[in-house]
Amino acid sequence: MSAAIDPRALRNAFGYYTTGVVVVTTTTPEGQKVGVTVNSFTSVSLDPPLVLFCLLNSSNAYQTWKQARHFTMNILTADQQSVSNAFARPSTTNPWDVVEHTVGANGCPLVSGAATSLECDMHEHFPGGDHLILVGRVTAVHSDVPHAVPLAFYRGKYGTYWGVDFGAPPADSSLSDMVMAGFG
């Protein structure tokens, strides 16, 4: 890191950006289920349908993720903080013993009760400083809890979102369209 920027100050500044909380899952060629909690999820493209997340290079499962052929993004609801915690840090408890899940068509775990789960094929991955940037092509969408309240992360703490009802934006609108129309 540049000597001109204090790492703690930068981390604190990043914390002002409210994010959702996602558990990303994969399965190794040997059949071992792997999961990690991230807040670095973003949509990339609708055509083709691409999403990405970032993983710390020093992660215990770095090589597993770098070699993964498929993964699933499980977007958590406000009542799934314990699910987030189960995958957020190393533990002596196997998270798969306590987190309800099924297996998707791509062979990766789908977290039960997630607002939405996106099954993905690995599209590409790139080095990104002290993180690995993984881009997936969405192959299936499971929205089992469409009116769920999202789990949010802000300044190192969990929270949620209470929206102001402006009505639904047009189905074919972009973010810039929504801002101009008063939706953003």
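**Ground rule before I start.** Two strands pair if DSSP finds at least two bridges between them. I also keep in mind that this is a predicted model.

**Entry 1: strand pairs.** With that rule in hand I looked up β5 and β10. They pair in the antiparallel sense over seven bridges. I picked one spot to look at: leucine 52 stands opposite valine 135 in β10. Next I checked β9 against β10. Eleven bridges join these strands, and they run antiparallel. I then went to the turn. The hairpin of β9 and β10 has two residues between the strands, and glycine 129 takes a positive phi near 65° there.

**Entry 2: the whole protein.** I stepped back for some totals. I get five helices and twelve strands. The protein has 184 residues, and 31% of them count as buried. Its accessible surface comes to about 11400 Å², with 55% of that belonging to carbon and sulfur atoms. I also looked at contacts with a separation of 6 or more: residues 24 or more positions apart account for 59% of them.

**Entry 3: the cores.** Which residues touch the most other members of the largest nonpolar core? I found Val24, Phe53, Trp65, Phe71, Met73, Cys120 and Leu134, out of 20 residues in that core. Then I asked where the core residues come from. β2 (22–27), β3 (33–38), β5 (49–56), α2 (62–67), β6 (70–75), β9 (116–128) and β10 (131–142) each supply at least two. There is a second, separate core as well, with ten residues that include Val21, Ala86, Trp96 and Val111.

Leaving aside neighbours within four places in sequence, methionine 73 is in contact with Val22, Val23, Val24, Phe41, Val51, Leu52, Phe53, Thr116, Ser117, Leu118 and Cys120.

**Entry 4: aromatic rings.** How many aromatic pairs does a search of the whole structure find? I count four. I looked closely at phenylalanine 53 and tryptophan 65: their ring centres are 5.4 Å apart and their planes sit at 80°, so I log the pair as edge-to-face. The cut-off behind that call is an angle over 60 degrees. This pair links distant parts of the chain, with phenylalanine 53 in strand β5 and tryptophan 65 in helix α2, twelve residues apart. Are these two buried or exposed? Phenylalanine 53 is buried at 0% relative accessibility, and tryptophan 65 is buried too, with a relative accessible area of 0%. Ring pairs also bring in Phe71, making a cluster of Phe53, Trp65 and Phe71.

**Entry 5: glycine 35.** I found this glycine in strand β3. Glycine 35 counts as partly exposed because its relative accessibility is 23%, and the buried class stops under 20%. Not counting residues up to four places away in sequence, glycine 35 touches Val24, Thr25, Phe87 and Trp96.

**Entry 6: a three-stranded sheet.** I ended on an open sheet of three strands, in the order β1-β11-β12, with antiparallel pairing. β1 (19–20) and β12 (157–159) stand at the edges with a single partner strand each, so one side of each has no neighbour in the sheet. Strand β11 (residues 152–154) pairs with β12 over three bridges. Within that pairing, phenylalanine 153 has tyrosine 158 in β12 as its bridge partner.

Note on methods
Residues numbered from 1 in each chain as written. Predicted model: local features only at pLDDT ≥ 70, side-chain atom pairs only at ≥ 80, totals over all residues. Heavy atoms only, no water. Core = buried A, V, L, I, M, F, W, Y, C linked by side-chain atoms within 4.5 Å. Buried < 20%, exposed > 50% of the residue type's maximum accessible area, 1.4 Å probe, protein only. Helix = DSSP H or I, 4+ residues; strand = E, 2+ residues; numbered from the N terminus. Contact = heavy atoms within 4.5 Å. Phe/Tyr/Trp six-rings, centres within 6.5 Å; stacked < 30°, edge-to-face > 60°. Areas by Shrake-Rupley, 256 points an atom, 1.4 Å probe, with all protein chains shown as cover.
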